[in-house]
Amino acid sequence: MRYSYLKWSEIPYAGEEFPPTDPVTPLAGRWPLFFLKRNEDGHFLDPSGRRLNLPIRHPRLINFEKELEVVQRTLEKLTPTEKQIAVYYGTGVPTKQWTPVADRFIDTYNVTPTQAARIQAVLHGAIHDTMIVVWDLKYRWNVARTNQYDQEMETILCTPRFPTYPSGHAAMSGCAEVILSYYFPTEKKKLKRIAEEDALSRLLAGVHFPSDNSEGLELGRAIGHQIIRFLKREDHDIRGIDQQYREYFDADIFAIDYQQFIPFDFSSDCTSLIKSEPKKLCKNVNVPKPLIKKQK
């Protein structure tokens, strides 16, 4: 079954009067890539030049109105710990919580300087390519945010100024999980936990639909696996490029009580409705009535 969906560029955020006019890096989907490639038609290719089959549903196959009910119920029943998770992963750019994880592995497993540089380069090159794919899809599909569907929604975090589908946090986390699991296979379960918690955090924050996160997570993992296949071929040609650390040293990669590894005093300014602000009603908004009423 196919569904229609609201367009990000056409609907105001909750608490605002006009549709967003300040898109964040809208042309990033065309930026150069590190591992992946792009053909003349704009299709993404794997590192070997084959057409990349992206494992993600078209948004017309997703009932965002139904998923809105999940977001609303989640925000209504949010626990203090869930709010901590939302704030922890949603503070700063998506790489903020993953870069310290890589550093902890490098320290714990006594990685050599050249191997450390290699791991960081591969990890962030793969994340970069994943985000380029995500940004291409975000602006191509132009799916509205949760607080554009519900004009009374107060989110935990300020809603980002770009389309919702798929989630960049989720896709980036899926990719990081796969890349770091390649180098540190004994830490795989812990990496999966962080990736899935990061994806879930976007629902807990109220800024993403469930499918944004689940589809984004699998998309990132798929891109990560494509890059790992390329790395294995490279390692076959020149032995010893990528060392895998198969002993288990149980690296301490979880934040204590969801406190940032690298604290920073980010601005709390937000023009859309968030929980910490008094509730405001948006005037003169042309949104279909069934979509702006809170579901019960």
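Trainee: Where is Ser-167 found?
Mentor: This is a predicted model, in which local features need pLDDT of at least 70 and side-chain atom pairs count only at pLDDT 80 or more, while totals for chains, interfaces and linings use all residues. Residues are numbered from 1 along each chain as its sequence is written, and side-chain values use heavy atoms, with hydrogens and water left out. Helices are DSSP runs of H or I of at least four residues, strands are E runs of at least two, and both are numbered from the N terminus. In these terms, Ser-167 is found in the loop between α5 (146-149) and α6.

Trainee: Is Ser-167 buried or exposed?
Mentor: Contact means heavy atoms within 4.5 Å, and, not counting residues up to four places away in sequence, Ser-167 touches Lys-138, Arg-202, His-208, Asp-212, Asn-213 and Gly-216. Buried means under 20% relative accessible area, exposed over 50% and partly exposed in between, with a 1.4 Å probe and protein chains only. The relative accessible area of Ser-167 is 0%, and therefore Ser-167 is buried.

Trainee: Which peptide bond in this structure is cis?
Mentor: Most peptide bonds are trans. Pro-166 lies in the loop between α5 and α6, and with omega at about -5° the cis bond is the one that joins Tyr-165 and Pro-166.

Trainee: What covers the buried residues of α3?
Mentor: The buried residues in α3 are Pro-100, Val-101, Ala-102, Phe-105 and Ile-106. Beyond its neighbours within four places in sequence, Phe-105 is in contact with residues including Leu-180, Phe-184, Leu-191 and Ile-253. The cover over the buried residues of α3 includes α4, α6 and α7.

Trainee: How are α4 and α8 oriented to each other?
Mentor: Axes are lines fitted to C-alpha atoms, for helices over the stretch in contact, with angles from 0 to 180 degrees between N-to-C directions, and on that basis α4 and α8 pack at about 140° with their axes 10 Å apart. Angles under 35 degrees count as roughly parallel, over 145 as roughly antiparallel, 65 to 115 as roughly perpendicular and the rest as oblique. The two helices, α4 and α8, are therefore oblique.

Trainee: By class, which residues make the contact of α4 with α8?
Mentor: Among the residues that make the contact are Val-122, Ala-126 and Val-133 of α4, together with Ile-223, Ile-227 and Leu-231 of α8. Ala, Val, Leu, Ile, Met, Phe, Trp, Tyr, Cys and Pro count as nonpolar, Asp, Glu, Lys and Arg as charged, and the others, Gly among them, as polar. By these classes, the contact has two polar, two charged and nine nonpolar residues.

Trainee: What is the phi of Asn-142?
Mentor: Asn-142 is found in the loop between α4 and α5, where it is buried, with a relative accessible area of 14%. Most residues other than glycine have a negative phi. In Asn-142, a residue other than glycine, phi is positive, near 60°.
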